[in-house]
Amino acid sequence: MRNPNQIKQLLITVCVVIISFTAISFSNIKATERKAPVVAAGTDPLPSWNDGALKKAIIDYVSKVTKPGTSSFIPVEDRIATFDNDGTLWAEMPTIELEYAKLAFKKMIQKNPALAKQQPYKAIIEKDKKYLATVDESVLVGIILKSLSGTTEGEFDRSVKAYFDTAHYVIQHKVYPIQDATYKPQIELLQYLRANGFKTFICSGGTIEFVRAISVKYYGIPTEQVIGSKLQYTFDETSHKIIRVGKIASICDKAGKPVNIQWHIGKTPVFASGNVKSGGDIQMLKFSQTSKYPNFQLMVNHDDGVREFAYQEKDNASLNAATANKWHVVSMKNDWKAIFSIP
């Protein structure tokens, strides 16, 4: 029997594989960051954050590291900020990418109904946790790979765009467009950092292409500044296109996050933000602490069951790590004046 962490890794792998072969192009938006205007003196740069110690700490940090001629000054080229996505920049109950994966899986079964009677498809459809926890991972992934064919990036992009054009999210029994599931305070924080010369990156456990589909539109972050779990690619000599291969290149979670940051950026982030749920962001924040420059770590705690969702980790790993390493913790209930742009 696998332990919970092994089961989670298995399900992540399955989701990545399912998503990788579903024909889904993100909107043709110019890939440049939305530059927020420099905040005028006396203007609140984080209006959706309640006044308090945490908000002051963020503003004090940014002011300190952007003041030339001081020992705390960070050169613009080294002002790197990384943010997790699920539960850090938008809601994750349920995970938005997993909801897409479910739709993709349903379409696959509709095209070939016979699969519904075969394992592991039958177990996935019936949510047979016992089977999924005991079946050999290579068998599970192998069967899925065998029954699916590769797609080009263009096909995947078009499918993702179609999904986000129509998908909705349920928050406290109310249905909203997916875009409204983003956290208003975090959007303000991204803009505030960029207005002060920081380069903002998303470092997500989700698949890199899926997050790229909305990174510009939702967060003002260019697609090339998205880091995530990824598949292996191959170049097709006939079509001269990149084809998605059914093999995992890297899972961007836990210790995989610093590794992927090194691959993509080659620099240590001086600002890093994650959230409480699975302990998946602990290593990214620890990595940030190794920077030679003054650094800032931010852990979002989901403790507002009225305006969003309230949940915690059974082992309290993320909050324990925050205490041990003196990270800043966001209480969504107490630190955020508003959580979403929606009323």
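A residue is called buried when its relative accessible area is under 20%, exposed when it is over 50%, and partly exposed in between (1.4 Å probe, protein chains only). The model examined here is predicted, so local features need pLDDT of at least 70 and side-chain atom pairs count only at pLDDT 80 or more, while totals for chains, interfaces and linings use all residues. Residues are numbered from 1 along each chain as its sequence is written, and side-chain values use heavy atoms, leaving out hydrogens and water.

Side chains of opposite charge can pair when their charged atoms come close. With a salt bridge taken as a side-chain nitrogen of Lys or Arg within 4 Å of a carboxyl oxygen of Asp or Glu, the structure holds 10 of them. One joins Lys56 to Asp60, with the closest N and O atoms 2.6 Å apart. Both residues belong to helix 2 (residues 53-65), where they sit 4 residues apart, about one turn of the helix; helices are DSSP runs of H or I with at least four residues, strands are runs of E with at least two, and both are numbered from the N terminus. Lys56 is exposed at 52% relative accessibility, whereas Asp60 is partly exposed at 36%. Asp253 and Lys254 form another salt bridge, at 3.7 Å from N to O; here Asp253 is buried at 13% and Lys254 partly exposed at 25%. Asp44, Asp51 and Lys55 are linked in a network of salt bridges.

Aromatic rings come next. Rings of Phe, Tyr and Trp (its six-membered ring) pair if their centres lie within 6.5 Å; planes under 30 degrees apart count as stacked, over 60 as edge-to-face and the rest as tilted. By this rule there are 15 aromatic pairs. Tyr183 and Trp336 form a tilted one, 5.5 Å from centre to centre with 50° between the planes. Tyr183 lies in the loop between strand 3 and helix 8 and Trp336 in the segment after helix 13 (332-335), so this pair ties together parts 153 residues apart in sequence. Both residues are buried. The rings of Tyr218 and Tyr219 have centres 6.4 Å apart and planes at 85°, so they are edge-to-face.

Thr182 is placed in the loop between strand 3 (174-177) and helix 8 (184-195), and is buried at 8% relative accessibility. Leaving aside neighbours within four places in sequence, its contacts (heavy atoms within 4.5 Å) include Trp90, Tyr218 and Tyr219.
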